[in-house]
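Here are some notes to read beside the model.

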Amino acid sequence: MDLLKTLVDKGLRRELPAREEALAVLATSDDDLLDVVAAAGKVRRHWFGRRVKLNYLVNLKSGLCPEDCSYCSQRLGSKAEILKYTWLKPDEASEAAAAGLAGGAKRVCLVASGRGPTDRDVDRVSQTIKAIKEQNEGVEVCACLGLLSDGQAERLREAGADAYNHNLNTSESTYGDITTTHTYADRVDTVQKAHAAGLSACSGLIAGMGESDEDLVDVVYSLRELDPDSVPVNFLIPFEGTPLAKEWNLTPQRCLRILAMVRFVCPDVEVRIAGGREVHLRTMQPLALHLANSIFLGDYLTSEGQAGKADLEMIADAGFEVEGAGEVTLPEHRATAAGTGGCGSHAEAGCGSHAEAGCGSHAEAGCGSHAGGGVCGTAAAPAAQEPRTDLVAVRRRGAGTDLAPNA
């Protein structure tokens, strides 16, 4: 397929695909799916080899959030029966992180529900970062605390944080449909603050919320402009008790197309399969490793994931290897720039201005499928599938409980 050859060539050169080409990837048929995966896999292997980076989530504060993000089980008014607890103490968070690090994770993601941290919260998280780093030499720590105020990113950096996550989530034009208590521009501002403080940017999307192909392409192109070092791709977990509980739009094939499109548009960044992979990719998860070079190990914020042992077996069986603590995740041109206090090689990557893109927070979200045949534009609506509510399990172990975590 000429389209795929063109996209591979552009990916190897870090050249931005045409918007019509990105749309065409989402519109390919199931008959062409393996060709799409193979093509995007060439780009993935060129920049990242066969390494898979493992990340581990620690939910520092669960539930009780004043924001109304429709996709989130921790939102204002959520009736989802999730764990609810206030801040973990630094030693409790460090103990939780140790389980993931023992399982092979090299990055710990510290997440807290809420609109954004108070200065006291930043002090608390700073103590937690120091506690984790004192116990685990060389570990990467990413904070995800919501909207930042002036000076807070700098304080997190001084405490030892390496990165900050704030996801763009969806296109700017549809952002108001999923959240009303803050704006797309608020998210942009927080990413700019993280960039300015020298933190590595982690910003991604949620697929499966009823968005169009155009929305998906819009958000990924905005992420390309934002130029994060890592792009988590979440697949919506439709929690009962949330406004999007009935949004079961995803198939494994659709998820793979979305991951491939992200890889073509962001060829040299860490593409991470985040929340919802077990729910929507299911037995096709190993194929997704040919597209993404990073996953979360074990459980998520409020939902249970695949057993950590099964993750490790999947990686090995698919012919990949866990990235070691001493290995550099990013390609040399990005890692060098990140090491000087930036988030990547902005000029070389052709990504554009940070001011034109945005970001968000939450690691739990989804995907779909098209019957079109390799043409650009919006394909036919995804075929309906039976909701797999049996695969949505609320987390009852790990942080905030007396049970051992899954790692």
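1. A word on angles comes before the first helix pair. Axes are lines fitted to C-alpha atoms, for helices over the stretch in contact, and angles run from 0 to 180 degrees between N-to-C directions. Please keep in mind that this is a predicted model.

2. Helix 1 and helix 2 pack at about 120°. Their axes are 11 Å apart. The two helices are therefore oblique to each other. The crossing of helix 1 over helix 2 is left-handed. Helix 1 brings Leu3, Thr6, Leu7 and Lys10 to the contact, and helix 2 brings Glu21, Ala24 and Val25. By class, the residues of this contact are four nonpolar, one polar and two charged.

3. Now the chain as a whole. The protein chain has 407 residues, and 63% of these count as buried. It holds 15 helices and 10 strands. Take the contacts in the chain with a separation of 6 or more: 81% of them join residues 24 or more positions apart.

4. How do helix 3 and helix 10 cross? Helix 3 spans residues 33-48 and helix 10 spans residues 252-265. Their axes come within 9 Å and cross at roughly 40°. That angle makes helix 3 oblique to helix 10. The crossing is left-handed.

5. Which residues of helix 3 and helix 10 meet? On the helix 3 side they are Leu33, Val36, Val37, Ala39, Ala40, Val43, Arg44 and Phe48. On the helix 10 side they are Gln253, Leu256, Arg257, Ala260, Arg263 and Phe264. The contact of helix 3 with helix 10 has 10 nonpolar residues, one polar and three charged.

6. Helix 10 also packs with helix 9, residues 213-226. The axes of helix 9 and helix 10 come within 10 Å and cross at roughly 35°. Helix 9 passes helix 10 in a right-handed crossing. From helix 9, the contact takes Asp213, Leu216, Val217, Val220, Tyr221 and Arg224. From helix 10, it takes Arg254, Ile258, Met261, Val262 and Val265. The class count for helix 9 with helix 10 is eight nonpolar, no polar and three charged.

7. Tryptophan 47 sits in helix 3. Is tryptophan 47 buried or exposed? Its relative accessible area is 15%, so tryptophan 47 counts as buried. Leaving out residues up to four places away in sequence, tryptophan 47 touches Gly11, Leu12, Arg14, Pro267, Asp268, Pro331 and His333. One of these partners deserves a distance. Tryptophan 47 and proline 267 are 220 residues apart along the chain, yet their C-alpha atoms are separated by 7.5 Å.

8. Arginine 14 lies in the loop between helix 1 (2-12) and helix 2 (19-26). With a relative accessible area of 18%, arginine 14 is buried.

9. Aspartate 227 belongs on the list of backbone checks too. It is not a glycine, but its phi is positive, at about 60°. Aspartate 227 is in the loop between helix 9 and strand 7 (230-235). Its relative accessible area is 1%, so aspartate 227 is buried.

10. Serine 200 is in strand 5, residues 200-202. At 11% relative accessible area, serine 200 is buried. Serine 200 and serine 230 are 30 residues apart in sequence. In space, C-alpha to C-alpha, the two serines are 8.4 Å apart.

11. How many disulfides does the model have? The count comes to zero. The cut-off for a disulfide is a pair of cysteine sulfur atoms within 2.5 Å. Cysteine 144 is buried, at 4% relative accessibility. Cysteine 255 is also buried, with a relative accessible area of 0%.

Notes: Residues are numbered from 1 along each chain as its sequence is written. This is a predicted model: local features need pLDDT of at least 70, side-chain atom pairs count only at pLDDT 80 or more; totals for chains, interfaces and linings use all residues. Side-chain values use heavy atoms; hydrogens and water are left out. Helices (H or I, at least four residues) and strands (E, at least two) are DSSP runs, numbered from the N terminus. Angles under 35 degrees count as roughly parallel, over 145 as roughly antiparallel, 65 to 115 as roughly perpendicular and the rest as oblique. A crossing is left-handed if the near helix is turned anticlockwise from the far one by less than a right angle, and right-handed if clockwise. Contact means heavy atoms within 4.5 Å. Ala, Val, Leu, Ile, Met, Phe, Trp, Tyr, Cys and Pro count as nonpolar, Asp, Glu, Lys and Arg as charged, and the others, Gly among them, as polar. Buried means under 20% relative accessible area, exposed over 50%, partly exposed in between (1.4 Å probe, protein chains only).
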